Amino acid sequence: MSDFDIVVIGAGHAGCEAALAAARLGHKTLLAVMNVDTIGAMSCNPAIGGLAKGHLVREIDALGGEMARVIDATSIQFRRLNTSKGPAVQSSRAQADRLLYRLQMKSVIEHQENLTVSQTEVNGFIVEDGKITGVTTTIDEKISVKAAIVATGTFLNGLVHIGLKNFPAGRLGDGPSTGLADWFYDNGFAVGRMKTGTVPRIDSLTIDYSELEAQESDMPPAHFSFDSQGKGYTLPQLPCYITYTNEKTHEIIRKGIDQSPLYAGIIQGIGARYCPSIEDKIMRFPEKDRHQVFLEPEGLDTVEVYPNGLPTSLPLEVQIEMLQSIKGLENARIIRPGYAIEYDYIDPLGLRPSLATKKIENLYLAGQINGTSGYEEAAAQGLMAGINATRYLEEREPLILDRSQAYIGVLIDDLVTCGTKEPYRLFTSRAEYRLLLREDNADSRLCQIGKDIGLLDEDKHQRYLIKQAAIDAGCATLDAISIKPTAEVNRILNDAASADLKQKSALSSLLRRPEINITFLQKLPLTAGDKEAVIALANSAVCQEVQVRIKFKGYLQRQEEQVQRFKRMETLKLPEDLNYAQLSGLSNEVVEKLSTIRPISLGQASRISGITPAAVSVLQVHLRKLNYLKSNDKI
């Protein structure tokens, strides 16, 4: 096999984004996968997006990644979430046709220039002078590479549990990766163990939907990608259905709990706090008399249904009894059993913000190997690892998005600064500047970066520039149009439970009232030209972003000021070789944490758990001394 610039190991959501980014940036890339038929496979639920996760998908798209386009082309239901709440926490979620999603991603991968796919299992690395120079495989291949990205998902020493039975597997139906897991152990990486799980898949023909609540798609369905509009990416939209567990369900679970590998003490890995198994929910929250279950179709041409809310590792016979106690599922037949899976992960405190390991500078890790859960978190890491591996080969500074720029920045900073002992999941509450990091402005935040690094094509960049100009023009329009306080105006305002207008005001000022939106402004007695301009804005693609920018102007300005203070801390760089033990005033605990994590800036140091304000002050003093010495050197 030929030599390559970059090898990407694993072709899940992280591996696909990493390989595409590396290849699109002009580097000869090998995507090594144990089974080429599983490229882009959705191992768990057939959906992309959700709270905070939808933000990640749009950010991936704005930087030039692929996930948004693939889900747009294969979505069978699209919904906006949290629409009754503020714009910062609104997100999008799409059900996918599981098979079509995988095939679409596989096709993109296969047709990508500079990208070679190989069905092979990597079992180790060749390391010379502290750098990876090649990989070895289970069939004794040796392939020369200049950098490597590991995106193995749940495959490192994967162990599937169903009841008290368990067997090695990366997921049900696929073997584990043991050789590569051994390599990480043998080479001194901090390896931990995590656990996740999935639900039994049900035959739709055995479900009684007649008394269940349907949840339809938003119509017309929207898109994740900023350049999918008008491309005909709309498959037939299918409903989901809602049902609930009940006391009988809970009693069946409690009766079988001794056969749960989690409660029998067989599973050692730490499970996800925010996505517990159904048996965990019943035992931890005994006061709850029911739990919601979403019946999600797996595709247009399959009868399989994913009962979201019922991840379980109970024995198959208990799973059947449990399901058939739920309304609508009385005759349900299981096609694939639910199961738990344990797998190895590498402590992300051993990573740099570029996602390169601290032990080996040209080895990058992305996805669940870093302790995260979720397709979207994996894809975001894969994209950044792919970008930074290419920048390493080009001897350029890595691309590091900070917490004020993107949820991607929040995700990676959380991992490399705080680490994780359980599967990490992103939430909007993790972002300090979430009003600035909305879904709708991901292109405003990141498209220029995508263009600058070479991933965003010129057509998409031009659409971004046109959109920004339209937003600016929309804001200017509402600033320029004024209205006087007449009886008719006040009657219209009172009908909307809004106070009288006291003086001549710009429409932008009126729009800041909570009960007023741009659509409402069309009702006001405006001149023909002004009314036409407002109607055009209300029907435009930028209406929502114009509205947010005007309504939340004060809050946005306040967050921008906070960001400036944050950035000042981020620009105070800490020397990589700083000996923290020699700094007086730091406790042993602080020295240990700073020496382990080796923060790149004073800002990152301040976010490390256990680092006190006093310790930050000591570091500030030290930085001032360094600057003083440097200035003296120039004299």
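A: Helix H3 passes helix H4 in a right-handed crossing. The model is a predicted one. H3 covers residues 67-74 and H4 covers residues 98-110. Two packed helices are described by the angle between their axes and the distance between the axes. For this pair, the axes come within 9 Å and cross at roughly 135 degrees. An angle over 145 degrees would count as roughly antiparallel, and 65 to 115 as roughly perpendicular; H3 and H4 are therefore oblique to each other.

On the H3 side, the contact is made by Met67, Val70, Ile71, Ala73 and Thr74. Their partners in H4 are Leu100, Tyr101, Gln104 and Met105. Sorted by class, this contact holds seven nonpolar and two polar residues, with no charged residue. Thr74 from H3 and Gln104 from H4 are the two polar ones.

Turning to the strands, four of them form an open sheet in the order S12-S11-S20-S13, with antiparallel pairing. Strands S12 (165-168) and S13 (191-198) are the edges, each pairing on one side only. Ignoring direction, neighbouring strands here are turned by 25 degrees against each other on average.

Methods
Residues numbered from 1 in each chain as written. Predicted model: local features only at pLDDT ≥ 70, side-chain atom pairs only at ≥ 80, totals over all residues. Heavy atoms only, no water. Axes fitted to C-alpha atoms, helices over the stretch in contact; angles between N-to-C directions. Helix = DSSP H or I, 4+ residues; strand = E, 2+ residues; numbered from the N terminus. Parallel < 35°, antiparallel > 145°, perpendicular 65-115°, else oblique. Left-handed = near helix turned anticlockwise from the far one by under 90°. Contact = heavy atoms within 4.5 Å. Pairing = 2+ DSSP bridges.
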